[in-house]
Amino acid sequence: MRHRIVLIIGGGIAAYKCLEVIRRLKEHSIDVRVVLTKAAQEFVTCLSVSALSNERVFTDLFDLNDEREIGHIRLSREADLVVVAPATADLIAKMAGGHANDLATAVLLATDKPVLIAPAMNPKMWSHPATLRNVATLKQDGITILGPNVGEMAERDEIGPGRLIEPEQLVAAIRDHLAAKKHSRTTGLDLNTRALVGKHVVVTSGPTHEPLDPVRYLANRSSGKQGYAIAHAAAQMGAKVTLITGPASIPAPQGVTIIAVETAEQMHDAVHDALPADIAVFAAAVADWRAAKVPRDKIKKTSKKPPTLKLVENIDILKSVGTLKSGRPPLVIGFAAETTSLLTNAKKKLKSKNADLIVANNVSEGSDVLGGDHNKIHIISRAGTDTLAKMSKTDVAEQLMERAANLISKAKAPA
Ligand SMILES: Cc1cc2nc3c(=O)[nH]c(=O)nc-3n(C[C@H](O)[C@H](O)[C@H](O)COP(=O)(O)O)c2cc1C
């Protein structure tokens with residue numbers, strides 16, 4: 001099936017880059033209907049946009065023909081995705097305020113589809129408190145913000161955040177979103193229900209690195225793929241997502257706030273700083289122990305015996321959140337990675353950590369879970385155990401977030 005997007009081009013100096021975006025999207029067999037704001041028509045012409053998109057270009061809210069044939073409601077609903085690039089400071093402000101006094105803003109207010117925006121403006125405009133406030137509002141509304149990149153501006157001698165993300169980055173993000181929609185079809189789930197709009201989801205992911213000295217550390221084989229997929233699925237469903245990740249070398253999901261940490265202690269602090277949340281998912285493989293003492297200098301190899309490693313227990317992050325007396329997220333989900341007695345151990349964990357769900361997975365050698373692309377999970381709650389078939393980590397993430405959205409709709413708001 002061919003996908004279709006509506007691309008709203010705002011009146012910024014970077015508007016010309018969208019011609020390249022349209023060309024690349026067409027190469028990927030994605031149909032593009034373009035709305036040009038009045039200001040955008042000062043930067044690119046309807047003629048060039050129309051020639052590249054192979055469609056007529058939409059400019060006017062009050063075009064009677066359009067309202068009879070294809071008005072703003074149809075434009076916004078017949079697309080799989082609405083993209084704004086460049087999103088000017090002015091357009092962002094109007095979106096945050098819920099304006100609908102031209103075709104672009106009317107489409108954006110009327111749409112029931114996911115919205116991606118790629119801001120581009122002068123760094124001073126981007127860092128102005130008004131713009132920051134408006135961008136925060138859009139994130140809360142479930143809108144995905146792509147960029148801006150940091151770099152040189154059109155204005156001479158100005159460098160900073162404000163450059164439109166590159167056409168290939170924008171096209172990749174659009175394809176990613178459209179592909180996620182396809183994924184949901186494989187699990188029978190519709191991620192575009194936006195069931196998590198207005199919710200804050202905190203996800204931990206990846207391994208932790210516990211230093212032994214300035215150059216060595218204790219780690220594990222976690223890749224972070226499962227946690228990243230969960231963060232991505234939650235963002236797709238409209239949540240504001242904070243992803244707290246240990247060291248990982250996989251591409252970051254779009255549209256989530258990423259906090260990079262190294263040690264269990266840092267992850268614990270970052271999680272508590274990120275609260276309150278509606279849902280907290282602890283998918284990270286946190287080290288149970290750390291070195292009791294970390295010397296300032298590298299431990300030297302001597303002719304004597306190898307050094308003895310004295311370990312102390314790390315703080316239990318899942319338990320510290322599950323047992324919070326105030327500000328406990330209404331839905332706390334832990335992961336149990338076990339190599340023996342999987343279900344027995346996972347059920348114990350549900351109780352001892354006061355979690356609402358435990359996702360149990362077998363990480364024994366040959367299971368292909370740690371570092372792999374697939375997972376076979378059991379979801380344990382006080383009501384019982386659900387065993388899912390082996391599936392991709394993306395599908396696991398979607399199933400889990402769908403379940404979380406159902407549970408959260410019945411739970412209390414965070415304190
Ligand atoms: C030469 C020129 C370049 C501009 N570039 C930008 C820009 O990169 N980002 C931005 O937010 N506004 C920029 N503006 C200001 C917008 O064009 C102006 O705020 C306009 O009202 C935006 O309308 P629109 O958001 O409906 O397209 C620029 C204006 C001029 C004259």
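How many nonpolar, polar and charged residues does the shell around the ligand have, by class? The shell has 10 nonpolar, five polar and one charged residues.

The structure is a predicted model, in which local features need pLDDT of at least 70 and side-chain atom pairs count only at pLDDT 80 or more, while totals for chains, interfaces and linings use all residues. Residues are numbered from 1 along each chain as its sequence is written.

Figure 1. The ligand is surrounded by 16 residues, and the closest are Gly-11, Gly-12, Thr-37, Ala-39 and Thr-88. A residue is near a molecule if its C-beta atom, placed from the backbone, lies within 6 Å of it. In the classes used above, Ala, Val, Leu, Ile, Met, Phe, Trp, Tyr, Cys and Pro count as nonpolar, Asp, Glu, Lys and Arg as charged, and the others, Gly among them, as polar. Helix α5 (residues 89–97) gives the most to this shell, with three residues.

**Figure 2. The whole chain.** The protein chain has 14 helices and 21 strands. Helices (H or I, at least four residues) and strands (E, at least two) are DSSP runs, numbered from the N terminus. The radius of gyration of the chain is 24 Å, close to the 22 Å that the globule rule gives for 415 residues, so the chain is as compact as a globular protein of that length. This radius is taken over C-alpha atoms, and the globule rule is 2.2 Å times the number of residues to the power 0.38. Along the principal axes, the C-alpha atoms fill a box of roughly 80 × 55 × 40 Å. Of the 415 residues, 45% are buried. A residue is buried if 20 or more other C-beta atoms lie within 10 Å of its own, exposed if 12 or fewer, and partly exposed in between, with C-beta atoms placed from the backbone. Among contacts between residues at least 6 apart in sequence, 70% join residues at least 24 apart. Two residues are in contact if their C-beta atoms, placed from the backbone, lie within 7 Å.

Figure 3. Lys-17, Cys-18, Val-21, Ile-22 and Leu-25 are buried in α1. Around the axis they cover an arc of only 145°, which puts them on the same side of α1. The arc is that of the directions from the helix axis to the C-beta atoms. An α-helix has 3.6 residues a turn, so residues three or four places apart point the same way. Ser-29 lies in the loop between α1 (17–27) and β2 (30–36). The phi of Ser-29 is positive, near 60°, in a residue other than glycine. Most residues other than glycine have a negative phi, and most peptide bonds are trans. Ser-29 counts as exposed, with 8 C-beta neighbours inside 10 Å.

**Figure 4. Helix α11 and its cover.** Ala-264, Met-267, His-268 and Val-271 are buried in helix α11 (residues 264–274). Down the axis of α11, these buried residues fall within an arc of 100°, so they line one face of the helix. The elements that cover them include β8 (200–205), β9 (210–211), β11 (240–245), β14 (289–291) and α12 (317–322).

Figure 5. The largest nonpolar core has 58 residues, and Val-201, Val-203, Ile-230, Ala-234 and Ile-333 have the most contacts inside it. Apart from this core lies another, of 53 residues, among them Val-32, Val-44, Val-57 and Leu-108. A nonpolar core is a set of buried Ala, Val, Leu, Ile, Met, Phe, Trp, Tyr and Cys residues joined through C-beta atoms within 7 Å. Not counting residues up to four places away in sequence, Ala-234 touches Leu-196, Val-201, Val-203, Ala-239, Val-241 and Met-401.

**Figure 6. Ala-104 in helix α6.** Ala-104 lies in helix α6 (residues 103–110). With 30 C-beta neighbours inside 10 Å, Ala-104 counts as buried. Leaving aside residues up to four places away in sequence, Ala-104 touches Ile-8, Val-35, Thr-37 and Leu-91.

**Figure 7. Two cis peptide bonds.** Pro-86 is in strand β3 (residues 81–87). Another cis peptide bond joins Gly-147 and Pro-148, with omega about 5°. Pro-148 is found in the loop between β5 (144–145) and β6 (149–152).
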